[in-house]
Amino acid sequence: MPARNHKQWMADPQQLKRGEWVDSRIYSDPDIFEEELEKIFKKVWIPVCHESELPEPYDFRTTTIAREPIVVCRGPDNQIRAFLNVCSHRGMMIERRPSGSFLEGQPSGNPKRMTCMFHAWQYDMKGNCVYIAREKEGYQDRLCKEEMGLRRLRCEVKLGGFVWVTLNDQVELSLEEWAGEAFACIRENIDAEPLEVFHYHKSIINTNYKLWHDTNSEFYHDFMHYHNRITGFNDAYFARKNTGFKHGHVNVGSFEVKYEEYEGFESRAELSFPKLPPNQFYMIDLFPGMNFNLRGSAFRSDIVTPLGPDKVMIEFRGLGLKSDTPEERQTRIDHHNTIWGPFGRNLHEDLIGVAGQGSAMLPHSEPRRILHGRHENETVHDENGMRHYYDEWGKWMNRLPSNPEQEYRAPAVAAE
Ligand code: FES
Ligand SMILES: [Fe+2]
């Protein structure tokens, strides 16, 4: 068929089945986006940072989940806790720095306290309200600080030392039940000894967060990555499996990267993560869009914060072993940055890909069909990972990904 007229362009793909494409409105519709925040992001476990980013008691980081401000801090008892970063008095955001320490006093805050600068209410590292300015004078005995604690959030430090938080007090699944199975392939590598973040950068991209998930979970686009073509493309590369797990997560299996095939690169065998065979590569795509990527000597995490239907913030971290010598650490950083740094050989190419999709799927743009119909024995050029993911999305949203105005129905082909 030659280039298609409008009617042909808008028709469902004749030979593909339900589940093998999605409607682009799931990436662009403002109402669907709001619903995703409510039905998905406010309900699941979200990795917000890594425990090594809060190395000392009273260290903190702030972030948001589904627009709710969050503060995560390490207490004097060394425990990491999470709270809504919202004052119990008049709802001001308490801490406005992205990270820092509560140990030292601030111009309008006491040492070892989270102090709301508006009217000076103070909270300790367990979220207790410990000071209300002129408490008796204003409230007599009608309200006391003991009742005015912060909103605490469920928080776990697990799976390689990431700090996981959920806004959902009634979360049905423990973190282990939620993600444990998908992490099994790298568990012994990332939990053998403490890890440390050595690289952080973030990108704000005009695209939908799910498109970032997709580019991480399909390797068909590796034609775009010159480095992958040179160091990867061989029988073992194409034979890697995409495996779906419960709750919409997907793994991409291991293979041996031939770094020496690329000029200027070197084998990463010497600094392989504990128990990881030399130069191996594993990837975990976690629903609804977090990604963990172990590539020989460096571990990468992508944490997505959806900012709008067509805007996402992605925080990239690189991790090594806490026990690294300075020389080892420098080598790990080089290994990480040459591939995954902002000027590396791979990451920005992915960002260009999803930004290009975002440009063509602006809010209110005409619906398009986004194809996920490749079948290749569940190997890396199969699109089963995305089919698995969108089936899960459909269940959480009770919408049919290929026609989001309709209620969820199971795909007409197996999702996995
Ligand atoms: S809003 Fe925080 S002390 Fe008033
Ligand atoms: Fe890529």
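In which loop is His364 found? His364 sits in the loop between helix 10 (347–359) and strand 19 (369–371). Helices (H or I, at least four residues) and strands (E, at least two) are DSSP runs, numbered from the N terminus.

The structure is a predicted model, in which local features need pLDDT of at least 70, side-chain atom pairs count only at pLDDT 80 or more, and totals for chains, interfaces and linings use all residues. Residues are numbered from 1 along each chain as its sequence is written, with chains lettered from A and ligands numbered from 1 in the order in which they are written.

His364 is not a glycine, yet has a positive phi of about 75°. His364 counts as exposed, with 9 C-beta neighbours inside 10 Å. A residue is exposed if 12 or fewer other C-beta atoms, placed from the backbone, lie within 10 Å of its own, buried if 20 or more do, and partly exposed in between. Lys275, also not a glycine, has a positive phi of about 65°. Lys275 is exposed, with 11 other C-beta atoms within 10 Å. It occupies the loop between strand 14 (250–252) and strand 15.

The loop between strand 15 (281–286) and strand 16 (290–295) holds Pro288. The peptide bond from Phe287 to Pro288 is cis, with omega near 5°.
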